[in-house]
Each structure stands twice: as C-alpha cells, then as structure tokens.
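Trainee: I would like to go through this structure with you, sheets and pockets included. Can we take it step by step?

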Amino acid sequence: MPAPIRLRELIRTIRTARTQAEEREMIQKECAAIRSSFREEDNTYRCRNVAKLLYMHMLGYPAHFGQLECLKLIASQKFTDKRIGYLGAMLLLDERQDVHLLMTNCIKNDLNHSTQYVQGLALCTLGCMGSSEMCRDLAGEVEKLLKTSNSYLRKKAALCAVHVIRKVPELMEMFLPATKNLLSEKNHGVLHTSVVLLTEMCERSPDMLAHFRKLVPQLVRILKNLIMSGYSPEHDVSGISDPFLQVRILRLLRILGKSDDDSSEAMNDILAQVATNTETSKNVGNAILYETVLTIMDIKSESGLRVLAINILGRFLLNNDKNIRYVALTSLLKTVQTDHNAVQRHRSTIVDCLKDLDVSIKRRAMELSFALVNGNNIRGMMKELLYFLDSCDPEFKADCASGVFLAAEKYAPSKRWHIDTIMRVLTTAGSYVRDDSVPNLIQLITNSVEMHAYTVQRLYKALLDDISQQPLVQVASWCIGEYGDLLVSGQCEEEEPIQVTEDEVLDVLEGLLVSNLSAPVTRGYSLTAIMKLSTRFSSVNRIKKVVSIYGSSIDVELQQRAVEYNALFKKYDHMRPALLERMPIMEKSATNGPTEIVQTNGETEPSVVEPKHPPLVTQPANQANDLLDLLGGNDVPVIQTTMPTKPASAGGELLDLLGDLSLSGGPAPAPAPSVPTSQPSFLLDGLSSQPLFNDIAAAAIPPMTAYNKNGLKIDFTFERANPNPNIAVITIHASNSTEADMTDFVFQAAVPKTFQLQLLSPSSNVVPALNQGTVTQVIRVLNPQKQQLRMRIKLTYTLKGSPVQDLAEVNNFPPQSWQ
Amino acid sequence: MQFMLLFSRQGKLRLQKWYVPLSDKERKKISRDLVQTILARKPKMCSFLEWRDLKIVYKRYASLYFCCAVEDQDNELITLEIIHRYVELLDKYFGSVCELDIIFNFEKAYFILDEFLLGGEAQETSKKNVLKAIEQADLLQEVRTVLYQQIDTDTSTTN
C-alpha cells in the first residue's frame, strides 16, 4: 500500500475544493484510506494519519474512530507520536466515555518519564481534561511533581493540582504540605501558578483561607519587588514587570483580606502604591489598576483608599477605550450600594454613557443610572432616562420602563409629575411595558385622588392618537370607565379641560372593542369600562345595546362578561349603581395575610412592631428583579402592590376585595396604616344569587372590654380580614376617664406561639382625659390553627408626671374571633 | 478560562481549545452560536460581551478572531493581554504569523498554546521560556530514539 499522504499535502488538497460537496468527497476518500491504515496496525504512519484526522475533525467531520489510535500513540515511545497522541486525546476524547480511562496508565508512566517534555505532555493533558477517576488515581504523582526542584515541571504540576482540586475537592488536603515553600521560588512561572493554586484552595475552604493568611506579608513583598524593580526584559510588558503575576497576586490578596482587618491593613500601603504608580497609557496598566480597584473595594480598606478606587473608576469612565469604560461601569455597579455618595459624584459621566453605541455599555449605564436616582436628582435623571427610553433598542425598553416606574414611585416630587412621567412612558414605550405594570399603574392613579380628572383627560387624548399599545389602552380604558364623568364634565384643574361628549367617549371605547389591534384582554377592559359608564353617563340605552350585542361574542371571556352585565341590567338593576360605583382607594399592602409578623412565645416580652412597610412581595422571576435589588437595597423598601384580582376574571375589577376605605391618600408610599372597616362585597358570580354585601362576618363578632383599670379602659372591636379568614383584625380603643391626659401611651401585646401578630401604628400616644377621645390601634392576628385567642398586654403611660406600667392577660375573646 | 476559539471572518474554525468537559455535539453548537454572535458585532464595539452565563473576551488580529470565554471572577483586561501574548508567541515562532501558518501548522499552534496555558490558566509568563520549551520539544522530534530505527519525518518542521 502506498504511503499515506502527508498532512500538509492533505490540507492543501482539501483547500482546493470549490464546493462543500467536493470537500466532503475528498474527506470521505481520505477517511477510508486512514481507516484501512488503522486496521493494518501500521505504526509508522499512525501519527501522520491521526494528525490528518484531527484536521478533518476541526473542519467538522466525525473522527471518533481515531480515539483508540490516539491511545496507541500515547503509549508509543516516540516523542512525536506522544505529542500528536496527547493532542488527539484532548480533542477527541471526553470524560463521559469510558475509553478515556485507558489513558490513565500511560499518563502515569509518562509522569515518571526521564524526559521532562514527556512529563510535561502528561501533566498538560491531565490538567486539561482529566476526569475525576483519573485525578483520583494520579493525584499522588502530581503531588510528587509539585515538590520537584525542576521549575518547568513544578509550574505545570501546580496547575494540574488546581484541576485535580476542581474535579475532586476532597483531595485538596493532600497538596497542602507541598505548598509550603512555593512562594519562595524565584521562577515567575512557578510563582504565577502557585498563586493560582493558593487562590483555588482559599476559595474552596475557609480553613485553608485562615491557614494561608500568614502569607500576606510575603505576597506584599513579591508585589513590591515587581513594582520597584527595574526593567526586566524577560517579563516586561509595555514597561510593566510581569503584569500577569501582579494581577494574580492582587486577586489572592483580595481573597485573603476580605473580612479580615489585620490582613487588610497589611496590604493598604501596597495597594495605594500600585494604584498611584501604575502607568495607565496602555491596556496592561489599566488591567492592573482594575484588579487593584476590585481588591480595594472588597477588603476592609480605609476610606481614603476607597475614594481613591472610585476615582480611578471615574477616570476609567472618561477613557477613550470603550473596554475600559465597560469595566468601569461594571465595577461601579458592584459598589454603588456600599459607596453610594462617592459614585454619585460621577453621575453625569455615567449618564453620558447612555448615549454610547455599544450595547453592553448602554445596559450597564442604564442599570447604574437607576441605582443612582434619588430624591434630589430625580427630575434631571428622569429627563435623561426618558430620552434614553425613547431612543434605545427594544431589548432595553421593558427594563427601562420598569425602572422608570419604580424610580418615579419612590421619588416623585409631585403627583402631577408622577402622572406625566407615567403617561410619557406609556406613550413612548407602551407596548414594552410589563404586564404587571398595568395593575400597579391603575392602583397608583386611584390613589392620586385630586389628579383623576387630569389623568383621565390625558389618557383619553392619548387614546385618540394611538390605540396600538396595549398597556396604554388598558390603563386608559380602565380610567375612562372609572372617571368618565369627570371627563365629560370638563372639570380639569391642571390643564385646559377638553370638551368631549358622552357619545364621543363611547365611540372611542366601542372602537377598541372592534379594532384588530386590541388584544382580548384589552377588549375585556373596554367592555367593562363601557358598563361602568352606565352609572356615570346618561346614555344608558346605548350601553345596553352594546352589552347585549357582545352577549353572543365568539370570545368566551367577552361573552361571559356581556351576559353578566346584561343580567345586571335586567334582573339586578337595583344593585347596579352600588356595584359599579367608584373604586375605593386600594390598600398598599400584600393581599394574603400580614407580611411583617413578629413571632412571640407568650412571654411578657412585648411584640411591638414598627409600622414598617411590608417587604417586597415575591416578584415573577424577571429582570425587574435586578433593578429592584439595586433600588430597593438599603433604602425604604419599594411598596409592591398586588391587584387583588386580575382584570381578566369575570367582573373582578368591579369589586375590590380588599375594600379599604382609608383616606390615607397623598404621595405613593403612604406611611399611615389604613384601618379596614366594613366588609367588601363578593362577586356576583354569573347568574348565582349570592348576597351582594357579605356583612355577616363583620357584624357577627361583638366587641369586648379587654382592660379596665385606674381609669384606663381598652376595648377591642373585631373584623375578619379578607380574603384570609385566619386573620382577625382587632382595633383597640383606649379611653381615659381620669382628670389628666395620659401621655406617652404605648400599647404592647404578645400572643402564644401558635399565633402571629402584627401591630400597626396607633392613632396617637396621648389618651385625652375625661373620655374626650380615644386612641385607636390596629392589631392583626394570624391564627392558622384556629386556637383559642389569648393575649398578654402591656401598657405604659405617663399620668400627672409619673410613669405607669401595667401587664394584663386578655382571655375573654369571643369565640367568633378565632373560630 | 473555559475555552478558546480561533476563527476566520468567514466563520471557519482554526483552533478550539476546551478546558471544560463538553460533548462534541455541545461544543459544535456553542462554537457555531458564539461565532455567529461575534461576527455580527460591529467593529467599534466593546471587546467584551455577556453570552449565556459566560463572559466573552475577543479580539481580531488581521483575518483571525481570537475568542476566550472566562469566568465571572476573571479580569477581562488581563485576558486581552493573554490573547495578545499568545499572538506574540505565534508571531515569534512562525516569523510574522498569518492565518495560513495556523491553518497549515495547526498542531504547532496547539503545542505553543499548551506551553503557555494549562487548564485555562497561564503557566509561564516569560515569552522567552515558552519559546525555548517549544524549541527543545521540536528538537526531540528530530532525534532518533534508541528503540526505533526509522526516522520520523511526518511532522518535521522542514515540511
């Protein structure tokens, strides 16, 4: 058989192929030749054949039949064979196939070979693709080589050890003795790989970390030498001595200095030195500075150093090289929580980065900008961010819109501004707004009582322009349904009221129903809005007609609604006004049960809970979480409201299940607690005749006197919190029959272990004398096991200058309060 | 580092070094997708991007793209330096390296890479030492071994 063609020859031939088919043909021919050659067990040309196979593999052709041949090459005595054999193994074999285990013995032998280059090949292969079984078998050999004085082998053994530890973490202990004098090496290769090994060990084991902390002075010394030493041609990169080693040392220092004062102090000087002396004209200097900044921010550095670090990042932001800018923005994002003020100083530069052409830079700039928004800069920042929203790529719009909403909710300087901002977002990026924004916005609008007329007017005008953006249309139709009367009466204070008739409004809403652009959900919104207007407008007949038409709609949802509304007109017309009346202001808290629970165990320890805002309700896992984490970190938690029922459910938006009539209006995060009063109405479900207002729960529980001593009387009144029947809502009424006021009045309560209790803030802490007034406070008790309610209360107040304190047990709860 | 890919402007792979265990199929898919993503980027864009859950660092030298996937804690700027160092090594070894050198001598490109990086980390920071090691290893290929009489000329450098 003629000698197989040479590698280069083959490559040349294949490259002359003009079509994919031609190439495939050549390859197939050659593969066949190679296969027969393998079958003949030809030792001479095996190496050549495998090399050719590897080339064809790179082109994308299957080469698995060469796997065993690679193993034979590895076992050969010829260096060339071994070289190609190991290369083939790394390319063709993978640890999921048992075949690779056959290598183990060869590698073991080669690790002990007399020629260091063969040992090197074995170490390289093991360190690149060694499976856990191989690592377990060969760890001993690697450990031995780690202690050799041959630096060529020692550096490879160190990295091989890193791989072994990654694959089989339990073996880490084994390498500990060998690390003893790794850092005393002069050879940079060994130093570098040793630092990598130490880093790996410290990252994986806190014990190792503690053990290696003592190396900090040595590392500092090595780093110092690198910086201070003169030009060393062997390791120089653009005037900097061995930047690779410098960066790795800085990274190890970061791990060692984290949460450790002494270590951090020991490295303060060198970090300052590196930060100030490193040449920044080339990328390599900036790479070192970048690592230094990361280290400074992570360890317990003194504030001067931290400011230095942030300033370096600020300078990076102004660098022409966009890679540097990118890296700066990433780091600033990490530090914005902890060093907020320092980062604020660079706000304008960050905002400029919003206009950068690079997508990654824009994204980071956007996230950072949202993190920097606060009460002082909200107007300016929002202008920039809205401009960004206008012009950015679609992939950003959803996140940006969510971010704008959150920021506006937290820091809106005025209601008008807030509504305007929302309008702006809806009109410019309306189709990208997240689905959950619609209920949130509706809730927000409801709470801005004085802006209702303005809001509905603006939304109406926006609808006239464009009905394609569904979230906008949904919010608008809901508002028109609610506040349509304000719209036609032309009583807008904020801007010039528009003249619009009832028919025009109904035209618009009916237009939404028939338009192809409207999503089914949107149609639902507009049908309901039309229905609501039946109590606010006078053209009831028109509305009746529309509703009856849709009673035979193909869309099941619309049909159901229309049929129910029809029923309202026909059989339940007396309920219609009540059902469709204006929505009460929605309570700003989670629907299901108390979220801020203080657990007590029936001891006398008071369970006073500050009236904090409820923590974030768990959000759907989407990118809004990232923004929320940035915004809601240390600040007042963002109030997350959940619409009690999704609008899609039949008639859901007619009745607010929370039924809160509190008048704690004002800017969005209302701190005053809301007192739940009368029970909300239940749904009129289809054609069933459930009672409209379920007063049973509320009226049933009689009030009681919990405490009456020394002129202080405390009465409890009860409600059930909907929708969770396990929660009893108790309102205490404290009255004072003595001649003097009781000041600094504090009511505290504790409940047994099976209960959970939440105390909202009191109406005041002065109980006026002679029963002239009462102090009220709301307690919510969660009683999932329906056990008998018991409570221990502690009262403290000041009467005529002297403090009074009393404890009492309350056991006379009426059975209905906990059953 | 998780892997390094070298590919041409037409998307043809010239070198692929994997430091994480993945099947052939997975490797092919990743290469294909990543190459497409990078080739779609405009010249003025950043050298870094997030792709799946990896950080990608890439740089173009003449007609070849050098692309590395690094982990979260890795320093992107120094990775650029690593890429540059590898190009310098190739340049020194081949004498003004061009894409054709890497095509026709791909196994040498791998050998050089394996003397510079091991398991995804740099094992030698001195250019001189890497080149010296390669030189010595190449010489070893020429040497007749005691056991076999035939001279192996298949992959000699004079080809």
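Mentor: Start with a term: two strands pair if DSSP finds at least two bridges between them. Keep in mind that this is a predicted model.

Trainee: How many bridges join strand E1 to E2 in chain B?

Mentor: Strand E1 of chain B covers residues 3–8. E1(B) and E2(B) run antiparallel. One position to look at is Leu5(B), which stands opposite Gln16(B) in E2(B). The number of bridges that join E1(B) to E2(B) is five.

Trainee: In what order do the strands of the open sheet in chain B stand?

Mentor: The sheet has five strands, and the pairing is antiparallel. Its edge strands are E2 (13–18) and E3 (48–51) of chain B, and each pairs on one side only. Neighbouring strands are turned by 20° against each other on average, direction ignored. The order is E2-E1-E5-E4-E3.

Trainee: Which helix packs on that sheet?

Mentor: The helix spans residues 24–39 of chain B. It touches E1, E2, E3, strand E4 (54–61) and strand E5 (64–70) of chain B. Its direction makes about 60° with that of E1(B). The helix is H1(B).

Trainee: Now chain A. What share of its residues count as buried?

Mentor: Chain A comes to 33 helices and ten strands. Of its contacts with a separation of 6 or more, 69% are between residues 24 or more positions apart. Buried here means under 20% relative accessible area. Of the 819 residues of chain A, the buried share is 57%.

Trainee: Is Asp466(A) buried, partly exposed or exposed?

Mentor: Asp466(A) is found in the loop between helix H25 (452–465) and helix H26 (470–489) of chain A. Its C-alpha lies 8.4 Å from that of Thr427(A), 39 residues away in sequence. The relative accessible area of Asp466(A) is 24%. Buried requires under 20% and exposed over 50%, so the class in between applies: Asp466(A) is partly exposed.

Trainee: How many bridges pair E9(A) with E10(A)?

Mentor: Strand E9 of chain A covers residues 791–799. Tyr797(A) stands opposite Val804(A) in E10(A). The pairing of E9(A) and E10(A) is antiparallel, and its bridges number nine.

Trainee: On to the pockets. Which element gives the most to the lining of the largest pocket?

Mentor: About 720 Å³ of space lies in this pocket. Of its 30 lining residues, Leu294(A), Lys334(A), Lys55(B), Asp72(B) and Gln73(B) lie nearest its centre. By class, the lining has nine nonpolar, six polar and 15 charged residues. The element that gives the most, with six residues, is H17(A).

Trainee: And which element gives the largest share of the lining of the second largest pocket?

Mentor: This pocket has a volume of about 530 Å³. Of the 20 residues that line it, the closest to its centre are Met58(A), Leu59(A), Gly60(A), Gly11(B) and Leu13(B). The elements that give two or more residues are helix H2 (20–39) and helix H3 (46–58) of chain A, with E2 and H1 of chain B. The largest share, seven residues, comes from H1(B).

Terms used
Residues are numbered from 1 along each chain as its sequence is written. Chains are lettered from A and ligands numbered from 1 in the order in which they are written. This is a predicted model: local features need pLDDT of at least 70, side-chain atom pairs count only at pLDDT 80 or more; totals for chains, interfaces and linings use all residues. Side-chain values use heavy atoms; hydrogens and water are left out. Helices (H or I, at least four residues) and strands (E, at least two) are DSSP runs, numbered from the N terminus. Axes are lines fitted to C-alpha atoms, for helices over the stretch in contact, and angles run from 0 to 180 degrees between N-to-C directions. Contact means heavy atoms within 4.5 Å. On a 1 Å grid over the protein atoms alone, a cavity is a set of points where a 1.4 Å probe fits but cannot get out, and a pocket is an open set with protein on both sides within 12 Å along at least five of seven lines; lining residues have an atom within 4 Å of a point. Grid points are joined across faces, edges and corners, and a volume is the space filled by probe spheres set on the points. Ala, Val, Leu, Ile, Met, Phe, Trp, Tyr, Cys and Pro count as nonpolar, Asp, Glu, Lys and Arg as charged, and the others, Gly among them, as polar. Buried means under 20% relative accessible area, exposed over 50%, partly exposed in between (1.4 Å probe, protein chains only).
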